[in-house]
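Have the viewer open as you read.

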Amino acid sequence: MNSRYLVPQAINFVVYILLQVFIVRNLVIFDIAFCFVYIAFLLLLPIEAAAITCMLLGFATGLAVDIFYNTFGIHAAACVFIMYARRYWIAALTPRGGYDMGITPSPRAMGLRWFIVYAVPMIFVHHMIVFFVEVGGFGLFYYTFIKALASTAFTFILVTVIQYIIHTPRRSVL
Amino acid sequence: MHSLLTFLYNYRSSFLFIILESLSIFFVVNNNSYHQAAVLNSSNRLVASAMTTTNSVSEYFLLKEVNQRLAAENARLHELMISGEPSNSNNLLTRDSLRLQALEQDSVFLFPQMRSKSDSVRLKQFAFVPAKVVDNTVYRAKNYVTINKGRLDGIEPDMGVISPDGVVGKVKDVSDHFAVITSVLHTNMYVSALVKRSHTLGSIVWKGRNPRLAGLDNIPIHINIINGDTIVTSGYSGIYPPNTMIGTVAAVRPEEDAAFYDIDIDLSNDFYQLSYVYVVKNLLRNEQDSLENIITADE
């Protein structure tokens, strides 16, 4: 990732963290669906961003959220994991003809279908790690699994809706 | 040497992955078991002030409820002051009523000169610091409450926290102006409890699902326990005052071939609407602890 991305990504980071800890943190649907919208920042990093950069950013983002959630280390672990898995996942989903340079993996740039396939498993894995590490085992397996599933749907919908609400020109740096 | 460096370089992202994950797991384990320097959680000043700001908005919507609660508590304390005797076992001033009665019977009638000292110390054993809840969660497996009193107000880790309705939790970490409390709604949090009617000792632990229900463990099946039985703190640990309300029995399930009941407790505290709490300072805690330490050291 070169310096061209630095400022917009820094703004993204701050906005998503603020959104998460001040607003979305208090949103819970039916006592089981939580929203971790901040991972949109990580999901939407440019495709050619290096794995090491992604993991370091994931770690920093996770810790920032952890401080507000009093779950020191849990979100960091989950974010680092999905950021490590990300490049393999992106490689596996390469469309015919490859990715364009400087593209972000957003629904506007790549199409909604591609985005669903890309984002839903990443969000799900992240949420599974967060909830199971928080419970500290598989004691409440069924309940925790449902929680992760419901939260995945909630997070994914909010992430996608935000992408469509914020009107950025196609293939911008954002 | 060169090939080693090449190897490290080729797998640099995997190494970084392993390092960051280990670091995160180290944090998780540490956070669950030990007190930290209180920088990296919501007792952090910056974080807590930010929460205070957002909380002050949502506070308006709860004002009516909070007022009613405080008025009800005031009324109860007034009644207590006028009548001079416990009308309700769950209040802040007459926790030790049984003990005081015993003291009174023994000392006042037999040794009137002994009364004053022991009595006044007992009455002052617990001091309460009122605090406002700045942040609170109920839906997670491990819930914490953040309050707006900290080290400068005399709050220390391991102090108990109660509300007018019952037990809230135990102080985990403190900063100068804020404190994080491990809520009763935390799957690793145990509260030593008594079944009030039979004085059976058990322990309360939350099961991680319903914020209104907790489990009561270690009640042997030969004890008679019924729905509606009152569960209070034992006070043995010196964290909470004895006889503080925890809840009432909601369901009893005798497990087959088991030595203990499986009991659900209806928590008396409404954790959804926690707004003001009291931090309990046990002024005799050091005395109790050092005495108990001598015994454990002897064994």
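In this predicted model, strand 4 (residues 166-174) of chain B runs antiparallel to strand 5 (residues 179-186) of chain B, and five bridges join them. Within this pairing, B:Lys170 stands opposite B:Thr182 of strand 5 of chain B.

**The barrel in chain B**
- Six strands of chain B form a closed barrel in the order 1-2-5-4-3-12, with antiparallel pairing.
- From one strand to the next, the twist averages 45°.

- Six bridges pair strand 6 (residues 190-195) of chain B with strand 7 (residues 200-205) of chain B in the antiparallel sense.
- Here B:Ala193 stands opposite B:Gly202 of strand 7 of chain B.
- Strands 6 and 7 of chain B make a hairpin with four residues between them, and B:His199 in the turn has a positive phi of about 55°.
- Strand 7 of chain B is also joined by three bridges to strand 8 (residues 213-217) of chain B, and these two run antiparallel.
- In that pair, B:Ser203 stands opposite B:Asp217 of strand 8 of chain B.

**A helix pair in chain A**
- Helix 3 (residues 51-69) of chain A packs with helix 4 (residues 74-92) of chain A at an angle of about 160°, their axes 7 Å apart.
- Residues making the contact include A:Gly58 and A:Phe59 of helix 3 of chain A, and A:Cys79 and A:Met83 of helix 4 of chain A.
- By class, this contact between helix 3 and helix 4 of chain A has 15 nonpolar, four polar and three charged residues.

Definitions and conventions: Residues numbered from 1 in each chain as written. Chains lettered and ligands numbered in written order. Predicted model: local features only at pLDDT ≥ 70, side-chain atom pairs only at ≥ 80, totals over all residues. Axes fitted to C-alpha atoms, helices over the stretch in contact; angles between N-to-C directions. Contact = placed C-beta atoms within 7 Å. Nonpolar A, V, L, I, M, F, W, Y, C, P; charged D, E, K, R; others polar. Pairing = 2+ DSSP bridges.
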